[in-house]
Protein chains: 2
Amino acid sequence: MNSSSKKSALKENDGIDQPEAISSSSIQQIQKLRRKQPTADDLITAILKGDKIALSRAITLVESTNPDHIEKANQVIQGCLPFANKSVRIGITGVPGVGKSTFIEAFGKYLTSIGKKVAVLAVDPSSSISHGSILGDKTRMEELVRDENAYIRPSASGESLGGVARKTRESIILCEACGFDTILIETVGVGQSETAVHSMVDFFLLLNLAGAGDELQGIKRGIMEMADLIVINKADGDNITKAKLAKTEFNRALHMFPAKSSGWNPSVTTCSAIQKTGIDTTWQTIQNYLFVTKENSYFETKRANQNQYWLLETINDQLKNHFYNNSEIESLLEQNKKAVQNNEKSPFAAAQELLKKYFK
Amino acid sequence: MNSSSKKSALKENDGIDQPEAISSSSIQQIQKLRRKQPTADDLITAILKGDKIALSRAITLVESTNPDHIEKANQVIQGCLPFANKSVRIGITGVPGVGKSTFIEAFGKYLTSIGKKVAVLAVDPSSSISHGSILGDKTRMEELVRDENAYIRPSASGESLGGVARKTRESIILCEACGFDTILIETVGVGQSETAVHSMVDFFLLLNLAGAGDELQGIKRGIMEMADLIVINKADGDNITKAKLAKTEFNRALHMFPAKSSGWNPSVTTCSAIQKTGIDTTWQTIQNYLFVTKENSYFETKRANQNQYWLLETINDQLKNHFYNNSEIESLLEQNKKAVQNNEKSPFAAAQELLKKYFK
């Protein structure tokens with residue numbers, strides 16, 4: 001309709017129709033979406049009922065960097081906490097190629113077959129670069145993924161190991177509240193992630209292969225020292241003799257380490273994840289460990305210490321972040337780093353200059 | 001003289017004679033003392049001339065907690081820095097009883113006999129409790145103490161390893177500026193002090209004994225992994241065969257560690273500090289090490305990295321001190337520690353609460 005066709009002394013050109021600020025269809029969509037977003041209480045209730053979708057949503061909140069999500073995640077964790085902790089947490093490590101996925105699938109299936117509920121998490125700080133080298137490809141655990149008593153979640157991504165580790169550790173609480181009584185935490189056998197995982201599990205399992213006589217090469221001492229059990233995988237076919245020899249070698253090497261404060265003597269077993277042999281022995285060993293460490297209270301003490309460790313670790317991390325991400329500090333630090341490297345300033349004088357600036 | 005004896009209408013009682021605010025003899029004493037306190041520039045000049053008394057005074061300033069002394073110490077260090085760094089820094093460790101003092105005396109005397117100037121420092125955080133277990137009793141190094149080309153300084157005391165390590169590290173700079181070209185830093189073979197010493201020396205020497213077949217027992221793996229040379233002491237008399245056997249064992253053990261980024265293959269030698277045999281071999285090995293690592297630039301890179309390490313380490317230490325010594329934080333931290341140990345709060349939620357308070 002053209003207003004100029006009206007019979008009127010006043011002529012006014014038509015404006016262009018303005019669209020509504022928000023279209024009604026958008027409003028409907030948003031409302032629908034909002035209805036779909038469960039509250040923290042909704043999530044807690046669902047998780048406690050064993051709802052895996054709610055569990056996944058809560059873990060997504062834990063992994064988020066959005067302040068609202070973090071707030072909500074904290075509420076969910078706080079609500080789940082009284083129902084968590086009733087589980088055994090098992091760390092599993094081993095260098096790439098050792099067959100971790102196959103082992104976890106076989107071990108997980110065995111556990112669900114004897115009535116356990118199994119959650120599989122991972123700590124892999126490299127996953128944000130490699131797009132999930134661990135557990136990223138769920139098809140590697142086809143059977144376990146379809147098992148209704150199993151829950152598999154790939155490693156959180158993040159820039160720092162500290163961040164990834166925090167997310168995994170909070171996810172453990174959520175999984176436990178959701179009824180999972182056996183938590184497997186996978187990590188790659190290279191570097192600092194092992195220490196992080198070791199400080200969040202009850203039992204640490206090192207997966208290994210029988211090699212060509214030099215089994216001890218290539219495995220970091222520190223990782224061997226952390227292990228409560230070494231499992232030599234691929235003990236099948238022609239490999240059985242080699243695996244048995246490796247078992248003897250590893251046993252001898254373990255013997256050289258000082259006694260553990262857990263009162264537990266680490267041992268070595270063999271298995272074939274593909275042929276599903278030796279899997280029950282692994283579980284039996286873990287059962288023995290739990291018996292020993294619950295009897296001597298080490299189990300409980302260790303968990304309390306781990307909680308305290310993460311409290312202090314988080315504080316220390318954040319204190320450092322706050323300092324090193326300060327824009328004024330950043331440029332001054334670069335100058336000072338150069339000065340101390342060139343012996344123009346003592347490291348302590350340089351540190352004092354920076355700290356004076358920071359605390360001014 | 002009594003004023004009342006004066007012929008006068010006005011009678012006034014005598015007051016008691018007041019002593020001068022500061023007696024003239026005190027003033028003289030203080031003035032004398034002030035004259036004796038050299039300025040930072042005085043100290044620098046004297047140190048650069050090789051004056052051991054000035055060196056000791058400067059180290060005392062470095063060890064002081066008095067802010068004026070710290071300020072002055074920093075000036076002296078800054079002035080000495082351009083003349084430091086021209087030395088080899090050797091860390092020496094070994095469990096108590098291995099004969100460290102005897103070895104250092106024999107080694108030090110050998111070094112001065114070939115024209116070296118030797119400074120012996122120590123890192124022993126326990127010394128404040130045990131009143132100087134290392135080097136505290138200088139009579140243990142009677143000959144070296146009287147040697148004009150040697151300088152021996154017991155471990156600084158302090159509450160934290162970080163503090164003790166800082167003081168030792170700054171003392172190295174002063175000793176070098178004073179003309180000492182070979183710095184020996186002693187520490188006990190138990191715990192964290194080794195890591196601190198390792199990060200301030202060019203070469204790390206582990207002193208050991210031949211035992212009853214179980215040489216590897218009791219030595220922390222981490223310490224063996226740090227060693228550039230293992231010296232088996234007390235290879236004399238009936239002990240020679242055992243020492244040779246131990247040498248073979250240690251060589252085999254060293255072989256199991258991954259290759260070092262220095263390009264240097266750690267080795268094992270035997271010596272008798274009491275009979276002064278094998279001491280020259282030790283020095284020859286260190287010379288070889290210096291040749292290899294100066295050739296491949298590792299020596300220089302390591303020192304630059306060590307400077308940067310101490311810069312960051314000092315910052316991180318101070319950030320923590322500032323937080324944990326905050327009186328408001330202290331009590332809140334205790335509450336939160338208990339809460340996380342009892343699973344009433346997640347470690348991360350507790351950390352956030354504390355950090356919010358701190359950064360408010």
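Modeller: This is a predicted model. We can start with Lys360(B), which has a relative accessibility of 70%.

Colleague: Why is Lys360(B) called exposed?

Modeller: Exposed means over 50% relative accessible area. Lys360(B) is at 70%, so the residue counts as exposed.

Colleague: What makes Lys360(B) and Glu328(B) a salt bridge?

Modeller: The limit between the side-chain nitrogen and the carboxyl oxygen is 4 Å. For this pair the N to O value is 3.5 Å, so the pair qualifies. Lys360(B) lies in the segment after α15 of chain B and Glu328(B) in helix α14, so the bridge ties together parts 32 residues apart in sequence. In chain A, salt bridges with shared partners join Glu328(A), Lys357(A) and Lys360(A) into one network.

Colleague: How many salt bridges does the structure hold over all chains?

Modeller: The count is 20. One of them joins Asp147(A) and Lys109(A), at 3.1 Å from N to O. That pair links distant parts of the chain, 38 residues apart: Asp147(A) is in the loop between α7 and β3, and Lys109(A) is in helix α5.

Colleague: Is Asp147(A) buried or exposed?

Modeller: Buried means under 20%, and Asp147(A) has 10%, so the residue is buried. Lys109(A), at 25%, counts as partly exposed.

Colleague: What separates Glu334(A) and Lys337(A) along helix α14 of chain A?

Modeller: They are 3 residues apart in that helix, which means a separation of about one helical turn. Their side chains meet in a salt bridge of 3.8 Å, N to O. Lys337(A) is buried at 18%, while Glu334(A) is partly exposed at 41%.

Colleague: Why is the relation between chain A and chain B that of a two-fold axis?

Modeller: Chain B can be laid on chain A by a turn of 180° and a shift of 0.1 Å along the axis, with an RMSD of 0.1 Å. That is why the relation is that of a two-fold axis. The same surface serves both copies, as 100% of the contact residues of chain B recur in chain A.

Terms used: Residues are numbered from 1 along each chain as its sequence is written. Chains are lettered from A and ligands numbered from 1 in the order in which they are written. This is a predicted model: local features need pLDDT of at least 70, side-chain atom pairs count only at pLDDT 80 or more; totals for chains, interfaces and linings use all residues. Side-chain values use heavy atoms; hydrogens and water are left out. Copies are superposed by least squares on the C-alpha atoms of residues with pLDDT of at least 70 in both. Contact means heavy atoms within 4.5 Å. Helices (H or I, at least four residues) and strands (E, at least two) are DSSP runs, numbered from the N terminus. Buried means under 20% relative accessible area, exposed over 50%, partly exposed in between (1.4 Å probe, protein chains only).
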